[in-house]
Amino acid sequence: MERREFLKLTKLGLLMGAAMPLAGAGFMSQNGHVKDFLLIKRDTFDLLDSVPNLNQDRKQDIILIGKEYENLKKLFNRLVQIQNIAGYGHFNVISFDEALKLARNNSKIGSFTKEDLELSEKLFNEKGDTFGFYGEKVVSELTADVTKNETKKIPYTGHFLYKGKAEEMYKKIQKDMGEGVILTSGVRGVVKQMYLFINKTIKLEGNLSVASRSLAPPGYSFHSVGDFDVGKVGFGAKNFSSEFANTDEFKRLMDLGYIKIRYPEGNPYGVRFEPWHIKVV
Ligand SMILES: [Zn+2]
């Protein structure tokens, strides 16, 4: 389904949902998880079943509403401020504890509130399949650190790679492909992944499930353990769209055997196809 079409449906669903009772704390989903997020189940989509190409799974979408959604936006603002202070590059690998400390020591940001901490823990500890993400969890602790001497900053990219296999693979890609291909996202710590996941969720008006179909929730990203993304120099945001799969650079990467796609088209993990993602681990 086209993204635009789905967003339209989401909005329609929300309008319909507004007139319906909302489930609160302790809501039990079909897969048996008791959720303490304030959320609504997309039963409203039952009403839209006649729409062609509607993915059946989307009836179960988890959406943050009300106070939880407001708290999500507050947490995101705090992360934005932390990124501004830490810098784009360093924020990619900042640990949760370091982020807390940075916020606490900066009067413009201020300490994380109880709500910020609870929500961070909840987002990290919630099982991915609650949202509709079926990949494996690769980081077990919210406070997990990216070990500095295991990573290397890649010049001119603002990104890091793990030394060893990832760095070597990137060097080989550069050698084979020339300067037209560049690292677009490397090592991402838990905080960076949380930032990206919340950013996506806010763009989707609180829909954690749609967010998790295009981005791994914090703790589930293989970027935390070695994978990285590459793109075509000068292609900008299109590097993270299906258009990348139409570029000569992508075709060449495929021919050379670099692209062993983590989430192929029609993958069972509930995640979109990502032709720019290089699987290392
Ligand atoms: Zn990736």
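What share of the 281 residues in the chain is buried? I looked this up to start: buried residues make up 38% of the chain. For my notes, buried means 20 or more other C-beta atoms within 10 Å of a residue's own, exposed means 12 or fewer, and partly exposed is in between, with C-beta atoms placed from the backbone.

Ground rules before I go on. I'm working with a predicted model, where local features need pLDDT of at least 70, side-chain atom pairs count only at pLDDT 80 or more, and totals for chains, interfaces and linings use all residues. Residues are numbered from 1 along each chain as its sequence is written.

**Overview**

I found ten helices and nine strands in the chain. Both are DSSP runs numbered from the N terminus: helices are H or I with at least four residues, strands are E with at least two. Next I checked contacts (C-beta atoms, placed from the backbone, within 7 Å). Among those between residues at least 6 apart in sequence, 69% join residues at least 24 apart.

**The core**

I looked at the largest nonpolar core, which has 52 residues. Such a core is a set of buried Ala, Val, Leu, Ile, Met, Phe, Trp, Tyr and Cys residues joined through C-beta atoms within 7 Å. Leu 161, Val 191, Met 194, Ile 198, Phe 228 and Val 230 touch the most other members.

I then picked out Phe 228.

Strands pair if DSSP finds at least two bridges between them.

I counted four bridges between β7 and strand β8 (residues 228-232), and two between β8 and β9. Ser 185 stands opposite Asp 229 in β8, while Phe 228 stands opposite Ile 278 in β9.

Why is strand β7 (residues 181-185) largely enclosed by the rest of the structure? Because five of its five residues are buried.

**A hairpin**

β5 (residues 151-154) and β6 (residues 159-162) run antiparallel and are joined by four bridges. They form a hairpin with four residues between them. I noted Tyr 156 in the turn, which has a positive phi of about 65 degrees. Lys 153 stands opposite Phe 160 in β6.

**Helices α2 and α4**

How do helix α2 (residues 66-86) and helix α4 (residues 96-104) pack? Their angle is about 85 degrees and their axes are 10 Å apart. That makes α2 roughly perpendicular to α4. Axes are lines fitted to C-alpha atoms, for helices over the stretch in contact, and angles run from 0 to 180 degrees between N-to-C directions. Under 35 degrees counts as roughly parallel, over 145 as roughly antiparallel, 65 to 115 as roughly perpendicular and the rest as oblique.

The contact is made by Arg 78, Ile 82, Ile 85 and Ala 86 of α2 and Ala 99, Leu 102 and Ala 103 of α4.

Last, I looked up Lys 101, which sits in helix α4. Lys 101 is partly exposed, with 13 other C-beta atoms within 10 Å. Lys 101 and Ser 111 are ten residues apart in sequence and 7.9 Å apart in space, C-alpha to C-alpha.

Definitions and conventions. Contact = placed C-beta atoms within 7 Å.
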